[in-house]
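Here are my notes on the model you passed along. I hope they are handy while you look through the coordinates.

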Amino acid sequence: SIEDLLGNILDPNMAINPGFVAYQIGTRDGESHVGLLGQDAPDQVTLVQAAGQRIRIARKDVVQLESSGLSLMPEGLEAGRRPKDLRDLIAFIQTAR
């Protein structure tokens, strides 16, 4: 519904589908990656990032794997936008289904 879409835009962490919770992985070489948990297998972990980019990390290289408990959708998306802009965004989302 329009109300649900607007609510999720204004407060993306209000109700998060478990499949859209952000995870952070820290690796032995000091790198940090954030994305959706695509696969958590015994030998590797896969994060899905923007545009479907997949990052596969060998389990032996993972030193930290934790859920942020937050949505990947950024907060403050409405900041600096006019009500008409939000209406147009919601209309676009509804027609893209």
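The points below go from the overall fold to single residues.

1. **Ground rules.** This is a predicted model, in which local features need pLDDT of at least 70 and side-chain atom pairs count only at pLDDT 80 or more, while totals for chains, interfaces and linings use all residues. Residues are numbered from 1 along each chain as its sequence is written, and side-chain values use heavy atoms, with hydrogens and water left out.

2. **Overall fold.** The protein has two helices and five strands, arranged along the sequence as α-β-β-β-β-β-α. The radius of gyration is 16 Å, well over the 13 Å of the globule rule for 97 residues, so the protein is more spread out than a compact globule. (The radius is taken over C-alpha atoms, and the rule is 2.2 Å times the number of residues to the power 0.38; helices, H or I of at least four residues, and strands, E of at least two, are DSSP runs numbered from the N terminus.) Along the principal axes, the C-alpha atoms fill a box of roughly 50 × 25 × 20 Å.

3. **Surface and contacts.** About 6,600 Å² of the protein is accessible surface, and 54% of that belongs to carbon and sulfur atoms (Shrake-Rupley method with a 1.4 Å probe; for residues, only the protein chains shown count as cover). Of the 97 residues, 25% count as buried, where buried means under 20% relative accessible area, exposed over 50%, and partly exposed in between (1.4 Å probe, protein chains only). Among contacts with a separation of 6 or more, 49% come from residues 24 or more positions apart; contact means heavy atoms within 4.5 Å.

4. Strand 1 (residues 21–27) runs antiparallel to strand 2 (residues 32–40) over five bridges, with Gln-24 opposite Val-34. Pairing requires that DSSP finds at least two bridges between the strands. Four residues lie between these strands in their hairpin, where Gly-30 has a positive phi near 85°. Strand 2 also pairs in the antiparallel sense with strand 3 (residues 44–48), over four bridges. Here Leu-36 stands opposite Val-48, and the joining hairpin has three residues.

5. **The core.** Six residues make up the largest nonpolar core: Ile-25, Val-45, Leu-47, Ile-55, Ile-57 and Val-62. Such a core is a set of buried Ala, Val, Leu, Ile, Met, Phe, Trp, Tyr and Cys residues joined through side-chain atoms within 4.5 Å. Strand 3 and strand 4 each supply at least two residues of this core. Ile-25 sits in strand 1 and counts as buried at 0% relative accessibility. Beyond its neighbours within four places in sequence, Ile-25 has contacts including Val-45, Leu-47, Ile-57 and Val-62.

6. **Ser-71.** Ser-71 belongs to strand 5 (residues 62–71) and is buried, with a relative accessible area of 16%. A polar atom of the Ser-71 side chain lies 2.9 Å from the backbone nitrogen of Met-73. Leaving out neighbours within four places in sequence, Ser-71 is in contact with Pro-12, Asn-13, Ile-16 and Phe-20.

7. **One to look at.** Ala-51 has a positive phi, near 60°, in a residue other than glycine. Ala-51 lies in the loop between strand 3 and strand 4 (54–58), and counts as exposed at 88% relative accessibility.

Terms used:
Polar contact = N/O pair within 3.5 Å; in protein donor to acceptor, adjacent residues only side chain to side chain.
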